[in-house]
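Please read them alongside the structure shown below.

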Amino acid sequence: MITERDIEHIAELADIGISKDEVPEFTTQFNAILDYFEVLDTVVGEGAPAAGITNVFREDEPRPCLSQEAALANAGSTENGFIKAPRVM
Amino acid sequence: MKTIVGLEIHVQLATATKLFCGCSTDYRDDEPNTHCCPVCLGLPGALPRLNRKAVEYGLRVAKALDMKVPEESEFARKNYFYPDLPKAYQVTQYDKPLAVEGTVEIEDDEGHEKIVRITRVHLEEDPGRLVHVAGGSKYSLVDYNRSGIPLLEIVTEPDMRSPQEARRFLNKLRTILEYLGVFDGDREGSLRVDANISLEGSERVEVKNISSYKGVEKALTFEVTRQKNLLRRGQKVTRETRHFMEGRGITTSARGKEEEHDYRYFPEPDLRPLRVAGWVAEIDLPELPVARKNRFMAQYGISLNHARTLTGDLKLADFYEEVAHVDPALAATWVADTLLGELNYRNMGIAAVPAERFTELLALLRSKTITDAAGVQVLREMLDTCAAGKPCEPPAAIVDREGLARATESEFTEVVEKVIAANPQAVEDYRAGKNGALNYIVGQVMKETRGRADPRELGRIVAESIDTGGV
Amino acid sequence: MAGTFDFSPDDRCNAFITTCSTAPFTDGPLAGTAVAVKDNISTAGIQTTCGSRILEGYVPPYDAHVVELLRNAGAAIVGKTNMDEFGMGTTTETSAFGPTRNPVDPERVPGGSSGGSAAAVAAGFVPMALGTDTGGSIRCPAAFCGIVGLKPTYGRVSRYGLIAYANSLEQIGPMARTVEDASRLMSVIARYDPRDSTMLDKPYDHGPTADIAGLRIGVPEEYFGEGVDPRVAETVRDAIGVLEGLGAETVPVSIPGMRHALAAYYVICTSEASSNLARFDGVRYGPAVDTRKTWHEAYQDLRQELFGTEVRRRIMLGTFALSAGYAGRYYAKAQVARRNIREDFERAFRDADIIAGPTMPTVAFRLGEKSDPLSMYLSDILTVPANLAGIPAISVPCGRVDGLPVGLQLMGRQFEDERVVDAAFAYEQEVRA
């Protein structure tokens, strides 16, 4: 059983904003979905699917980089070739 | 109260390209965001491609540290949000690392050999670099040139018992990595350390963010003192993460949020697992520090101390072998004692010294064309020009220009006579049996001849002159 | 032969997010053919949004591998098609750019998440389009709109440039009005690309043939069980009868792991998505983050504002499924279930060459009909198994119920995409004749 506090905690863990009035609906939906997921408790066996292909590599050979202009083209704001980001407090 | 230290060391591997893309790793002197592509910028849709060389380098380290390489290893995503982490996850290795269970031999505080166990090594990508703008700006600046540089994380067991041991371990590890040709310790920021430290019976503290060899000892020494003081005052050590403030030499508590991390690791679905255990047998390790030290003693007949010093740094050991042919013993003294001291004083690296010129200097010393004292003067002159970025003048030219050739016997007999005449009191004292007086007179002659005379020879001549009553 | 393709469709069904009114093309096997590309596939110089406001205005500096191949083949890329935001939906209603309507019935959804591509083909704007399929996102809209859609074997088409939703499940694939066109498009895009480490060098070079005499068709009971509209089931059984009439034989097979398939799928895709979608922080691309706020505050606000509700719900679900204390119960168990399903299919493919069933349990929903997330998820039950097993699966139109198209789904062994294409082609040729 997931509570509204759990939902707020998960939103915090996911670093995703959630408004107060969304919490009850999310809680109801989560509980319905997680109830459905309970079927996984009946899964028998262990181990993930076998690896299949392994050892896929690239050689250590330099390739051209994007120009600084192209690297910054989609950035919201830049300063002297750097990209601006909010400060971590 | 026993101190218990374990380390997590991140070293940048010296590959030509990044871990998952073909961008060059040689970014240090370049403009920000010029060594980037869709992969290391984390652009939507870009996919990682693993650099084979990084895996080879990791395995080289594994073999040198006598580690086990599991049949299968795997990359995983470590999820956390930070502006320098372009994909909001770091591709690293979690429960299936590249190698496990190794050893490094160091000296403990009493000079005895001891083993530090290595828990695991694994490959991961470096995040970008954040620059905090001075003057209270609300924002940071990000440069992704570093993003994706291959890191090898090396995790030890808590086997070190003092900050000094931790430093010795790091020096040893660095030497091994350099010998293996997988690491260039001269690159700024190429090594970063997180240290776990506790006093026996107390909680453990993790100190993050130490970015120099000296910093590790400083940070740990600070922590030992801080934790002992807490206990002395009857308080408890809190289990926490602390940051090392390099400039102030102190550690400060990282606030709650950072400790609550739940990294939600899961296997990286864009990469295939590794099955590389079989590669280990194919790796030819180069000569490692211990073997080279033993060879130096046997081949060149030099002392344990000299051999240890010379092999403690790959470039220094290479340099020694380039100049040793002149006279191995003379070269050992001049490299390990004189040259190293002069370099440290100038904060210079061995790479700045041309071996050819140093060989010429050794030849001048060996042929007794100059005295040791004059040799030091010539060496200083050479290093000063190197440090200024000018081409190093041949030592013979310096000797000529400065008139530093060994004085002829007739030349210094004259000076001896002059000095004896000018210091009658010292002569009296010598005759009265005060040995210091002779040294004083010799020193005066040395000064007059600017080190061009050999002090031992001078001592003999001065004594003879006085004894024979020549004055 | 090279030139530009003038493209100005009367897009009443909102199939496109971006259209290119003059699309250049070159010589090649698809010279001058208009191709629409789903908007989660990177196109250099053309906005690529994934149906989300968080990527509004993002212009990729590079082409996805499949787009490069399309351009080299002479195709004119005429637009980027609408989709459920980041592929998270079965109706194309979660798009930030408004829902796409089904050209067959504008009151109905086209299916999703590649609803824009399916509608563009069904409406006749383009003969073929690229879609992507994580849990049915090519086959579902193909079925609902009455066109052909192929989800290739995992690892057959490069994902380089596909904006990831769930990396271990998804593939880019062709959508077209005919099996032959779908196969032609597949021949262009299924080419080895070393940039995708999960890919195998098994190019698709195939012209479909209608000879299926002796083909063993597995019919799993689980595909005709509870939740499947009986009229849909009947239509599909009739279609299988047509294949039998062409010389194929049917054998009963069973996929017992189906009971875990949907839960396993939703745990895996939301887990991967929670990680994949964390990079959209408004720093390097997308609408700019507010740099006056602190990092976590700015990041949370941006994601709340620019991600739709379904996306945020799935990010939270995946975060939960991977979180300490729960990963063992959800993520790890889902991996075991996935392995079991894969083995179920391997076993079934010992007795059968292909497996047949309905693509979707029902016909297209009315717009707004699936308002509850779980009931929406449940409609993916017949498509997700192929993604979990990594096998090829095609949906080919096989009749109508209430005037709405029904899709026949044909699944094959890994890297036997050719075989499912042939079976679909045989069916299509037979019913058209």
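1. In strand 11 of chain C, C:Ile355 is the residue opposite C:Gly218. This is a predicted model, in which local features need pLDDT of at least 70, side-chain atom pairs count only at pLDDT 80 or more, and totals for chains, interfaces and linings use all residues. Residues are numbered from 1 along each chain as its sequence is written, with chains lettered from A and ligands numbered from 1 in the order in which they are written.

2. Strand 9 (residues 216-220) and strand 11 (residues 354-358) of chain C run parallel and are joined by two bridges. Helices (H or I, at least four residues) and strands (E, at least two) are DSSP runs, numbered from the N terminus; two strands pair if DSSP finds at least two bridges between them.

3. Helix 9 (residues 328-351) of chain C packs on the sheet and touches strands 9, 10 and 11 of chain C. Contact means C-beta atoms, placed from the backbone, within 7 Å. The helix direction makes about 135 degrees with that of strand 9 of chain C. Axes are lines fitted to C-alpha atoms, for helices over the stretch in contact, and angles run from 0 to 180 degrees between N-to-C directions.

4. In chain C, eleven strands form an open sheet with mixed pairing, in the order 2-5-4-6-8-7-12-13-11-9-10. Strand 2 (16-19) and strand 10 (249-253) of chain C are its edges, each pairing on one side only.

5. In chain B, the axes of helix 8 (residues 328-346) and helix 9 (residues 355-366) come within 11 Å and cross at roughly 120 degrees. The contact involves B:Leu330, B:Ala331 and B:Trp334 of helix 8 of chain B, and B:Leu362, B:Leu365 and B:Arg366 of helix 9 of chain B.

Key:
Contact = placed C-beta atoms within 7 Å.
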